[in-house]
Amino acid sequence: MNKIAFFHCADLHLDTPFKTLASKPGLPVLRRNEIFNNLARLIDNAKNEKPDILFIAGDLFEHEYTGIRTVSAVNKLFSTIPDTKVVMISGNHDPEAVNSHYRTHKWGSNVTFLSSNSTNVCFEDLNTEVYGLGWISGTGQAALLDDMSLDNSRINVLMFHGDVDLQIGDRDYNSISSVLLRSKGFDYVAAGHNHKRKTGECGGIFYNPGSLEPLGFDEPGAHGYFSGIIQKDTSPDVKFCENTSVFYETIDFDITGFDDNQNIINSIVPLLKYENHLYKIVLTGTKTLDFNPDITFLEAAFSENTLFAKVRDKSTVSVPIKALAVIRGLKGIFARQIISQLENADDEDKELLEKALYYGIEAIDNGKILKAGGEE
């Protein structure tokens, strides 16, 4: 046999706590259930399409939070596709360790975990050998790659949890050299770790599907898994299969000219989709000294019209500097001190100083700061 059919997924993070969504009761549980249901949907697709191998390239679990109930449920799903070989490696969120679920659980007969003690498996019936570089200590995986010796008469696949040529300072983030990787002769690299999709990099063999289900606002758009054919001495035939339950979306909204919370609500609500969307709404533009958006009020209103919404006020204050500079009393003294610093400030410091001026005058007028603008 010189070709195999496969599915390839990564970074499910089952049992992620979703602490940032806890402000909406029941939502973290709903999101955890959706991730598991996404895996179940992938398995159902495997029942129909019958791929030879399912590659799971790390971070299947959120080890700190995952219990035996979830592990058993996952193993039961795998048992429903007995003709598909399930091959797994560890990730940085479910690393190989003494108490790892990969080590302690009794997995089904069609499941293989590639560990530091067993870095490869040969499936003679498929003429395929799969090698694994999971997350053991976090770095230093390139040395293991260097020692791998491939039988070029077989289809050779590398499963890898990390990235290629990613060096930041003295940290390599479990990165391996693209030059070394290309030199080894793998027919396909089933990668995980980066939650954004990568297709056909490193000479056309490096594929990372990204997270199966988006997990935060830095993971917008459709998510899913890869399916395709790996054939000896031919570029892999790979397609992306969308498997998304929800979408995370960021809306930047300019509040320049607005002086009322309800007007902001009336303008943004028509932009929201009620079903399966989570929103981060970022207020931009400028506001006057006498208007401070009520973040709690806005979030409550938006959350009634969608699955989840959080609001961040990144707007700046339109400060009537000339008028403030001649005010008498404590307010004038404070304003002139800030204004003197504004003259030589760069853009970043100017934004901070304008906020300080805004909230300082509010504190002088009211004796307290009513809202802090929803800053993180």
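**Entry 1: salt bridges**

I started with Arg 312 and Glu 299, whose side chains meet in a salt bridge at 3.6 Å, N to O. The term asks for a side-chain nitrogen of Lys or Arg within 4 Å of a carboxyl oxygen of Asp or Glu. This pair links distant parts of the chain: Arg 312 is in strand S18 (residues 308-313), Glu 299 is in helix H8 (residues 295-303), and they are 13 residues apart. I took helices (H or I, at least four residues) and strands (E, at least two) as DSSP runs, numbered from the N terminus.

I noted my ground rules before going on. This is a predicted model, where local features need pLDDT of at least 70 and side-chain atom pairs count only at pLDDT 80 or more, while totals for chains, interfaces and linings use all residues. Residues are numbered from 1 along each chain as its sequence is written, and side-chain values use heavy atoms, with hydrogens and water left out.

Are the two partners buried or exposed? I used under 20% relative accessible area for buried, over 50% for exposed, and partly exposed in between (1.4 Å probe, protein chains only). Arg 312 has 17% relative accessibility, so Arg 312 counts as buried. Glu 299 has 22%, so Glu 299 is partly exposed.

Next I looked up Arg 154. Arg 154 forms a salt bridge with Glu 129, and the closest N and O atoms are 2.9 Å apart. Again the pair links distant parts of the chain, 25 residues apart. Arg 154 sits in the loop between helix H4 (141-146) and strand S7 (155-161), and Glu 129 sits in strand S6 (residues 128-133). Arg 154 is buried at 18% relative accessible area. Glu 129 is buried too, at 8%. I then found both in a network of salt bridges that links Glu 124, Glu 129, Asp 151 and Arg 154.

I also checked Glu 34 and Arg 31. Their closest N and O atoms are 2.5 Å apart, in a salt bridge. Why are they separated by about one helical turn? They are three residues apart in helix H1 (residues 27-49). Both Glu 34 and Arg 31 are buried. My count for the structure came to 12 salt bridges.

**Entry 2: cysteines**

How many disulfides did the search find? I found zero in the whole structure. A disulfide needs a pair of cysteine sulfur atoms within 2.5 Å. For Cys 9, the nearest cysteine sulfur is that of Cys 241, 11 Å away. Cys 9 is buried, at 0% relative accessibility. Cys 122 is partly exposed, at 26%.

I worked on a 1 Å grid over the protein atoms alone. A cavity is a set of points where a 1.4 Å probe fits but cannot get out. A pocket is an open set with protein on both sides within 12 Å along at least five of seven lines. Lining residues have an atom within 4 Å of a point. Grid points are joined across faces, edges and corners, and a volume is the space filled by probe spheres set on the points.

The search found one cavity of 30 Å³ or more. The largest cavity has a volume of about 50 Å³. It is lined by 13 residues, and the closest to its centre are Ser 115, Ser 116, Gly 132, Gly 134 and Ile 136.

The largest pocket has a volume of about 280 Å³. Of its 15 lining residues, the closest to its centre are Thr 16, Phe 18, Leu 215, Gly 216 and Glu 219.

The second largest pocket has a volume of about 200 Å³. Its lining includes Leu 14, Asp 15, Arg 32 and Phe 36. H1 gives the largest share of that lining, five residues.

**Entry 3: rings**

I counted 14 aromatic pairs. Rings of Phe, Tyr and Trp (its six-membered ring) pair if their centres lie within 6.5 Å; planes under 30 degrees apart count as stacked, over 60 as edge-to-face and the rest as tilted. Tyr 188 and Tyr 207 have ring centres 5.2 Å apart and planes at 15°, so this pair is stacked. Both tyrosines, Tyr 188 and Tyr 207, are buried. Phe 226 and Phe 240 are edge-to-face, at 6.2 Å centre to centre and 75° between the planes. Phe 226 is buried at 1% relative accessible area, whereas Phe 240 is partly exposed at 27%.
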